[in-house]
Amino acid sequence: MSETPVVDAAASTTATSQRGPAAGPGTSDRARSAVSRVGDRVMGTLATGSGLLVSLVIGLIALFLLIQAVPALAKNTANFFTYTGSWVVSGTQLEFGIPQQFYATVLVSVIALLIAMPVALGIALFVTEYAPKRLAAPIAYVVDLLAAVPSIVYGLWGILVLGPAMVGVNNWLVDNLGFLPFFSTPDNVANMSTGGTLLTAGIVLAVMILPVITAVTREVFAQTPRAHREAALALGATQWEVVRYAVLPFGFSGYISGSMLGLGRALGETMALLLIISTVGPINFNLMESGQTFATVIANNAAEFDSPLKTGAYISAGLVLFALTFLVNAAARSVIARRAKWRERRQ
């Protein structure tokens, strides 16, 4: 009986020596750490590569536009920034300029922003602050669904439904507010009879950019720290005061970012505006006129790109639109940065 423990101990020692040293907790921790380091390197490489790829694509687009536009700009006998006459892009002597396209593009986009921004703000506040949960989700879904509607459908709706409905409104505005430059009698009265005016185009664009602004603003408002809301309520603030002093200051930069994204969407819109406004109009800030934006003038003449110089003339308009979009984004970032510094000083 006394020899049994000795035999068991010897067998245990032999088995342990055959298996090798036992793996302690430190070994598994080192293995997990090594895997984590590999994952960090892979993720860092992918993130850096993605950023560089986007920058490279943008740079190549800019280079393509410059290569195509410079020969036509060199042959242009008119001032590219001030010439308002008809474009002459046939033959070797070119005459073209962008003031009318720049004016129509900016004016229609500003009209869309003036309409969409307050509506988007109201929807975002209602969904995040006032609406019951069972109602907030369907409303947000319906608004987001507007972004899935094709541009050509918006254009058809604008010229076949909204345009005719706006005829009476246009006539009333001209008859009663015609003393204002925005609603004076247009040079081309046919625009009012069809509803194909800059005002109609701005309303259609407002509907198109509404889901973009609303989605960004809604998400930012929903991230307002709970402590900020509870602190305001603890001080006796009403629901509106919570929105005014906690939600809006926190989400203002996101609201501006969403609006600038919507503006970028409006600046480059083509098909919808091509169906609503496609004739050149004067530069007089009259919303009852028609006009051609950068995108529509290119789309209108794309079928006639039969020579490098003609193609370059219209691509030069695209180059200006490309630069304009960058300026808008830079302005948005500047506003957001100033707002962040102001918030830091207040804290």
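T128, E129, R226, R229, E230, L233, Q239 and V242 line the second largest pocket. The model is predicted, so that local features need pLDDT of at least 70 and side-chain atom pairs count only at pLDDT 80 or more, while totals for chains, interfaces and linings use all residues. Residues are numbered from 1 along each chain as its sequence is written, and side-chain values use heavy atoms, with hydrogens and water left out.

**The second largest pocket**

- A pocket is an open set of points on a 1 Å grid over the protein atoms alone, with protein on both sides within 12 Å along at least five of seven lines; lining residues have an atom within 4 Å of a point.
- The second largest pocket has a volume of about 200 Å³, where volume is the space filled by probe spheres set on the points, which are joined across faces, edges and corners.
- Two or more lining residues come from each of α3, α8 (226-234) and α9 (239-267); α8 gives the most, with four residues.
- Helices are DSSP runs of H or I with at least four residues, and strands are runs of E with at least two, numbered from the N terminus.
- By class, this lining has two nonpolar, two polar and four charged residues.
- Ala, Val, Leu, Ile, Met, Phe, Trp, Tyr, Cys and Pro count as nonpolar, Asp, Glu, Lys and Arg as charged, and the others, Gly among them, as polar.

**The cavity**

- A cavity is a set of grid points where a 1.4 Å probe fits but cannot get out.
- One cavity of 30 Å³ or more is found in the whole structure, and the largest cavity holds about 40 Å³ of space.
- Its lining consists of Q100, Y103, A104, V280, G281, P282, S290, G291 and Q292, of which four are nonpolar, five polar and none charged.

- The axes of α3 (residues 99-130) and α7 (residues 198-222) come within 6 Å and cross at roughly 40°.
- α3 is therefore oblique to α7, a class for angles that are not under 35 degrees (roughly parallel), over 145 (roughly antiparallel) or 65 to 115 (roughly perpendicular).
- The contact of α3 with α7 has 26 nonpolar, four polar and two charged residues.
- The axes of α5 (residues 151-177) and α7 come within 8 Å and cross at roughly 135°, so α5 and α7 are oblique to each other.
- Axes are lines fitted to C-alpha atoms, for helices over the stretch in contact, and angles run from 0 to 180 degrees between N-to-C directions.

**Annotated regions**

- An unreviewed UniProt entry lists "transmembrane region" for residues including 42-67 and 139-169; such annotations may be inferred rather than shown by experiment.
- Residues 42-67 are 100% helix and 0% strand, with the end C-alpha atoms 37 Å apart.
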